[in-house]
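Have a look at the fold, then work through the points below.

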Amino acid sequence: MREHRHLPESELDIMLAVWGERGEVTAPRILERLERPLTASALHSYFKRLEEKGFLACRKEGKTNLYTPLVSCEEYQETEGKSILGKLYAGSLKRFTAALYDGGNLGREDVEELRAFLEKLEQEGM
């Protein structure tokens, strides 16, 4: 898997909107999906940066720009997950889970879901 740079929150919001669509997407559609208002010119600047970083491709169809993700959401999650786990928790999933639990962000259902997932991995021979 290729390594991808960490995205600032503003660029990540745009990529999340792009990943939420199927296939190519237009700027007006992304503007509709964003939770915070953004001007069309600001969005265009973000698109250019995301293209330069290798996250998006742009193709013109008439007067319309169509954007396609070059990095899947899953690829980015994997890279970011490993980075956060390594940097903040010294690579320890146990320490990460403990931080979530101690912070009140991990409930009984979450623990059961995690347990079932780990048991499934074990059965499949990881």
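Which residue in β2 is the bridge partner of Glu61? That would be Thr64. Before going further, note that this is a predicted model: local features need pLDDT of at least 70, side-chain atom pairs count only at pLDDT 80 or more, and totals for chains, interfaces and linings use all residues. Residues are numbered from 1 along each chain as its sequence is written, and side-chain values use heavy atoms, with hydrogens and water left out.

**The hairpin**

- Strand β1 covers residues 56-61 and strand β2 residues 64-69, and they pair in the antiparallel sense over six bridges.
- Two strands count as paired if DSSP finds at least two bridges between them; helices (H or I, at least four residues) and strands (E, at least two) are DSSP runs, numbered from the N terminus.
- β1 and β2 make a hairpin with two residues between them. In the turn, Gly62 has a positive phi of about 65°.
- Elsewhere along the pair, Ala57 sits opposite Thr68 in β2.

**Helix α1 and what covers it**

- Helix α1 runs over residues 9-19, and its buried residues are Ser10, Glu11, Ile14, Met15, Ala17, Val18 and Trp19.
- Buried means under 20% relative accessible area, exposed means over 50%, and partly exposed is in between (1.4 Å probe, protein chains only).
- The cover over those buried residues includes α2 (27-33), α3 (40-52), β1, β2 and α4 (73-89). Contact here means heavy atoms within 4.5 Å.

**Salt bridges**

- Searching the whole structure turns up twelve salt bridges. The cut-off is a side-chain nitrogen of Lys or Arg within 4 Å of a carboxyl oxygen of Asp or Glu.
- Arg49 pairs with Glu11, with the closest N and O atoms 3.4 Å apart. This pair links distant parts of the chain, since Arg49 is in helix α3 and Glu11 in helix α1, 38 residues apart.
- Arg49 is partly exposed at 37% relative accessible area, whereas Glu11 is buried at 2%.
- Glu11 also forms a salt bridge with Lys53, where the closest N and O atoms are 2.7 Å apart. Lys53 is in the loop between α3 and β1 and Glu11 is in helix α1, so this pair ties together parts 42 residues apart in sequence.
- Lys53 counts as partly exposed, at 24% relative accessibility.
- Arg33 forms a salt bridge with Glu21, and their closest N and O atoms are 3.0 Å apart. Since Arg33 is in helix α2 and Glu21 in the loop between α1 and α2, the pair ties together parts twelve residues apart in sequence.
- Arg33 is partly exposed at 35%, while Glu21 is buried at 18%.
- Glu21 and Arg33 also belong to a salt-bridge network with Arg29 and Glu32.

**Cysteines**

- Cys58 is partly exposed at 32% relative accessibility, and Cys73 is buried at 17%.

**A nonpolar patch**

- Leu114, Phe117 and Leu118 make a nonpolar surface patch of about 260 Å².
- Patches take residues with over 30% relative accessible area and no salt bridge, joining like charges within 9 Å and nonpolar side chains (Val, Leu, Ile, Met, Phe, Trp, Tyr) within 5 Å. The areas come from the Shrake-Rupley method with a 1.4 Å probe; for residues, only the protein chains shown count as cover.
- Phe117 belongs to helix α6 (residues 108-123) and is partly exposed, with a relative accessible area of 46%.
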